[in-house]
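Please look over the structure below together with its sequence.

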Amino acid sequence: MIALGTLTRLEHPEQLALLREADDPALVASTVEELLRYLNIVHNGRLRVATEDFEVAGQTVRAGEGLIMVNEMGNRDPEAFTDSDRLDIQRDARRHVAFGFGVHQCLGQPLARMELQVVYGTLYRRVPTLKLATDLDQVPFKFNGMVYGVHELPVTW
């Protein structure tokens with residue numbers, strides 16, 4: 001998430017400038033939440049079984065039927081997030097489901113948030129000339145597992 005979030009920040013210089021210029025812990029926290037929503041690095045659907053009949057989006061789901069809840073789709077739901085395909089570090093993205101939802105949430109999320117806030121709150125100010133050392137299409141992405149990311153992130157400064 002650190003490398004993928006850094007790549008995303010470098011590919012959105014206007015958003016990076018907002019973060020770099022503000023010495024605001026609230027904006028750093030907002031940046032972390034928005035990156036978690038926007039990137040949603042865990043790509044595995046949550047498998048559930050309906051315990052009773054219900055309707056969702058005009059479709060009836062019957063008790064006993066299987067469901068696959070896909071977090072990354074929920075995090076791009078235009079009814080939950082206006083202009084959901086756009087990165088906006090000033091957005092209130094706290095309702096994202098990158099760590100799961102309800103009783104099925106990642107226990108490590110407080111630590112992950114803290115680590116990301118420390119990194120994103122210091123890296124770009126300490127290394128203001130940080131940039132990609134290669135073209136974006138040369139960055140090797142991870143597509144073959146539960147966690148999406150990059151194998152390496154060549155940078156220079």
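The model described here is predicted. Helix α5, which covers residues 109-126, packs against helix α1 at an angle of about 40°, and it also packs against helix α3, there at an angle of about 115°. The largest pocket has a volume of about 670 Å³.

**Helix α1 with helix α5**

- Helix α1, made of residues 2-11, and helix α5 have axes that lie 11 Å apart and form an angle of about 40°, and the two helices are therefore oblique to each other.
- The crossing of α1 and α5 is right-handed, and in it Ile2, Gly5, Thr6 and Arg9 of α1 meet Leu116, Val119, Tyr120, Leu123 and Tyr124 of α5.
- Sorted by class, the residues in this contact of α1 with α5 are 6 nonpolar, 2 polar and 1 charged.

**Helix α3 with helix α5**

- Helix α3, which runs through residues 25-39, packs with α5 at an angle of about 115°, and the axes of these two helices are 9 Å apart.
- The crossing in which α3 passes α5 is right-handed, and its contact is formed by Val28, Ala29, Val32, Glu33, Leu35 and Leu36 from α3 together with Arg113, Leu116, Gln117, Tyr120 and Gly121 from α5.
- The contact of α3 with α5 is made up of 7 nonpolar, 2 polar and 2 charged residues.
- Leu116 and Tyr120 of α5 are among the residues that meet α1, and Leu116 and Tyr120 are also among those that α5 gives to the contact with α3.

**Helix α1 with helix α2**

- The axes of α1 and helix α2, the latter formed by residues 13-21, come within 5 Å and cross at roughly 105°, which makes α1 roughly perpendicular to α2.
- Here Arg9, Leu10 and Glu11 of α1 meet Pro13, Gln15, Leu16 and Leu19 of α2, and this contact has 4 nonpolar, 1 polar and 2 charged residues.

**The largest pocket**

- The largest pocket, with its volume of about 670 Å³, is lined by 20 residues, of which Met69, Val70, Asn71, Gly74 and Phe101 are the closest to its centre.
- Two or more lining residues come from each of the elements β1 (46-49), β2 (54-56), β4 (66-69), α4 (71-74) and β5 (100-101).
- By class, the lining of the largest pocket consists of 11 nonpolar, 4 polar and 5 charged residues.

Methods. Residues are numbered from 1 along each chain as its sequence is written. This is a predicted model: local features need pLDDT of at least 70, side-chain atom pairs count only at pLDDT 80 or more; totals for chains, interfaces and linings use all residues. Side-chain values use heavy atoms; hydrogens and water are left out. Axes are lines fitted to C-alpha atoms, for helices over the stretch in contact, and angles run from 0 to 180 degrees between N-to-C directions. Helices (H or I, at least four residues) and strands (E, at least two) are DSSP runs, numbered from the N terminus. Angles under 35 degrees count as roughly parallel, over 145 as roughly antiparallel, 65 to 115 as roughly perpendicular and the rest as oblique. A crossing is left-handed if the near helix is turned anticlockwise from the far one by less than a right angle, and right-handed if clockwise. Contact means heavy atoms within 4.5 Å. Ala, Val, Leu, Ile, Met, Phe, Trp, Tyr, Cys and Pro count as nonpolar, Asp, Glu, Lys and Arg as charged, and the others, Gly among them, as polar. On a 1 Å grid over the protein atoms alone, a cavity is a set of points where a 1.4 Å probe fits but cannot get out, and a pocket is an open set with protein on both sides within 12 Å along at least five of seven lines; lining residues have an atom within 4 Å of a point. Grid points are joined across faces, edges and corners, and a volume is the space filled by probe spheres set on the points.
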